[in-house]
Amino acid sequence: MKYYVAYDGGGSKIEAILFDENLKLINSAKSGSMNTSSSSPELVRQNALNAAHSLMDGTGITEIESVYGVFTRGLTDALAEVVKVNSLTDAGGESLIGLLSAFVLGDAVTLLSGTGSVVFYLHDNKVDEAGGYGSVIHDEGSGYHMGRLAFAEAIKDYEKRGPHTLISDCICKKLGVDNIGAAAGKIYDIPDKSPISAVASVAVCVGEAARMGDETAVRLLKQVGENLAEQALGLINRCNIPIGVPVVLEGGHFKNDRRISEAVIERIHRDQPDRKIVIPYFEPIVGAVLAKPYFEGSFPDRAKLEEMKKEYEKYRFIMK
């Protein structure tokens, strides 16, 4: 039996799956950020080692045939300290595993919103992009962007120069503090998490507040959805992407609240009502698992995909 590892590493977390040649799930692991632009090299290395040890401990497996998905060399070097690794396959990266998690095999636009954001157009073995400039420049439409907007509204509330918003209460509860002033200070002092990751982590507070009827939160969710849609439309227009090419929504930030995806769909369909928009069935990490049969030219048929839906049920891509 041969064994494989799938990685989905990003600005907030490393996610890993250990699976066999029949795509059966053996073990899984999570750790902190893989991104050296948002975390120190020392922290990233420790996160990588933690993920590798957690994934392999207790399995008795001593050799990995190949690694698939989104990863850095540091991540796979850490894995190689724990188990023998024969080869790496990262062709396509984030754009490809997002499409595979939605069972889309042809040309497509991937609209990614996680800790960071970017739009990919995967076609003819090439990739065109929009956005993805990083948190220092502008990660419009990302979880980090949403976290900054959330803090901006909460700070105006705290300083009595804006309306009260339930976002403030949600942030304080999440960070275990009494007021937004203390919350802003704590962002810089959360163990094993960079300030960028910490800011992105409060994006969920906007969804929570919106579901309690907070008008400010609802406005921010719609604003970020429109920001994402405009980036996608810009790429579509710049590259003259045919109307038959679908847009696939990918990334954990979409799970914050379905108003984000609804705003994306409404904005894109305002300009292009016939453009198909696809919401993935699985989390991107399962797309990394599916990269193995994809590159081998044996993508699962309908019956095999139904088996995988049961095998990887806990990795459903579900929006609140």
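Colleague: So a cavity is a set of points, on a 1 Å grid over the protein atoms alone, where a 1.4 Å probe fits but cannot get out, and lining residues have an atom within 4 Å of a point. Which residues line the second largest cavity?

Modeller: Asn 22, Leu 23 and Lys 24, plus Lys 304, Glu 307, Met 308 and Glu 311. This is a predicted model, where local features need pLDDT of at least 70, side-chain atom pairs count only at pLDDT 80 or more, and totals for linings use all residues. Residues are numbered from 1 along each chain, and side-chain values leave out hydrogens and water.

Colleague: How does that lining divide by class?

Modeller: Four charged, two nonpolar and one polar.

Colleague: And what lines the largest cavity?

Modeller: Gly 69, then Thr 89, Asp 90, Ala 91, Gly 92, Gly 93, Leu 96 and Ile 97, along with Ala 291 and Phe 295. By class, five are nonpolar, four polar and one charged, with Gly counted as polar.

Colleague: Which helix gives the most?

Modeller: H3, with three residues. Helices H3 (93-101) and H11 (284-295) each supply at least two residues of that lining; helices are DSSP runs of H or I, at least four residues.

Colleague: Switching topic: where is Phe 103?

Modeller: Phe 103 sits in the loop between H3 and strand S8 (108-113). Its phi is positive, near 65 degrees, and it isn't a glycine.

Colleague: What about Asn 125, buried or exposed?

Modeller: Exposed, because its relative accessibility is 83% (exposed is over 50%, buried under 20%, partly exposed in between, with a 1.4 Å probe and protein chains only). Asn 125 also has a positive phi, about 60 degrees, and lies in the loop between strands S9 (117-123) and S10 (126-131). Phe 103, at 25%, counts as partly exposed.

Definitions and conventions
1 Å grid on protein atoms, 1.4 Å probe; cavity = no way out; pocket = protein on both sides within 12 Å on 5 of 7 lines; lining within 4 Å.
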